Amino acid sequence: TKTKEKYWTEINAQPVYGPDGTVTQFFAIQNDITERKNAEAERKANRQKIVAKNKQLAGILEHMNQGFFTFDFTHRIQYWNQAAADITGISSKAAVGAMITSLFQDKSLSFYLPMFQAVLKTGQHQHHEYISPQLNKWIEMDIYLSEDGISVFFKDIDERKRTEAELNNLSLIARETENAVLMIAPDRKITWVNAAFTRMTG
């Protein structure tokens, strides 16, 4: 062009035959397809950005310290990170593509499915802390509705719950004893005293 700008063209050529069947000339149509090519290049760049972001997200999900999995509206698992495999003992290879109903025992399904169905019905996030029927340990779970189905974050809180139970037991004993008992935080602040301590110290 006169402005020396580069542009894409598409040429369609057809031969023109003479009476004897030989090609005498060509008939050609040239179209400016720059706009179409630019749009294709933009779509390709966007796809590359999406792929890069998905890889980045997958890297984050794989290195989380809590389990994460997703399943679609047919209950087929789409993603299962390494932490989910570590907590449940079910590998990503075994989980991805399987129906969620095939991964859990019946007693677990009767426990989990109502949670998932409630999120599907209401669209509202649900948070649960419970003893897993299948793992026999305390699990903390957050369930969210996504565009493609359900996303689930979960982690093993068994140690935390056992510690809480032990502290509660100690607290009950401390409240009833005639001896003075106090609890001190790492920063040396007193966080709790029993009645006997109050009586003794005023």
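Helices (H or I, at least four residues) and strands (E, at least two) are DSSP runs, numbered from the N terminus. The structure shown is a predicted model, in which local features need pLDDT of at least 70 and side-chain atom pairs count only at pLDDT 80 or more, while totals for chains, interfaces and linings use all residues. Residues are numbered from 1 along each chain as its sequence is written, and side-chain values use heavy atoms, with hydrogens and water left out.

**Figure 1. Overview of the chain.**
The chain contains 7 helices and 9 strands. Of its 202 residues, 27% count as buried; buried means under 20% relative accessible area, exposed means over 50%, and partly exposed lies in between (1.4 Å probe, protein chains only). The chain exposes about 14,500 Å², of which carbon and sulfur atoms supply 54%. Such areas come from the Shrake-Rupley method with a 1.4 Å probe, and for residues only the protein chains shown count as cover. A contact means heavy atoms within 4.5 Å. Among the contacts in the chain with a separation of 6 or more, 30% are between residues 24 or more positions apart.

**Figure 2**
Strand β5 covers residues 126–131, and strand β6 covers residues 138–145. The two strands run antiparallel and are joined by 6 bridges; strands pair if DSSP finds at least two bridges between them. I131 stands opposite W138 in β6. The hairpin has 6 residues between its strands. N136 is found in the loop between β5 and β6, and its phi is positive, near 55°, although N136 is a residue other than glycine. N136 counts as exposed because its relative accessible area is 60%.

**Figure 3. Q126 and H127 in strand β5.**
Q126 and H127 both have their place in strand β5. Leaving aside residues up to four places away in sequence, Q126 touches M115, A118, V119, M141, D142 and I143. Its side chain also makes a polar contact of 2.6 Å with the side chain of H128. A polar contact is a pair of N or O atoms within 3.5 Å; within protein, one must be able to donate a hydrogen and the other to accept it, and residues adjacent in sequence count only if both atoms are side-chain atoms. H127 is partly exposed, because its relative accessible area is 40%. Apart from neighbours within four places in sequence, H127 is in contact with E140, M141 and D142. The side chain of H127 forms a polar contact of 3.5 Å with that of E140 and one of 2.9 Å with that of D142. The C-alpha atoms of H127 and F154 are separated by 9.7 Å, and these residues are 27 positions apart along the chain.

**Figure 4. Salt bridges.**
A salt bridge is a side-chain nitrogen of Lys or Arg within 4 Å of a carboxyl oxygen of Asp or Glu. By this rule the count is 3.

- The side chains of E129 and R160 meet at 3.0 Å, N to O. This pair links distant parts of the chain, with E129 in strand β5 and R160 in helix α6 (residues 158–176), 31 residues apart. E129 is partly exposed at 31% relative accessibility, as is R160 at 35%.
- K137 and D156 form a salt bridge in which the closest N and O atoms are 3.2 Å apart. K137 lies in the loop between β5 and β6 and D156 in strand β7 (residues 149–156), so this pair ties together parts that are 19 residues apart in sequence. K137 is partly exposed, with a relative accessible area of 24%.
- E140 and K155 form a salt bridge with their closest N and O atoms 3.5 Å apart. The pair links distant parts of the chain, E140 in strand β6 and K155 in strand β7, 15 residues apart. E140 counts as buried because its relative accessibility is 12%, whereas K155, at 33%, counts as partly exposed.

**Figure 5. The loop residue H75.**
H75 is found in the loop between β3 (67–72) and β4 (77–80). H75 has a positive phi of about 75° although it is not a glycine. At 18% relative accessibility, H75 counts as buried.
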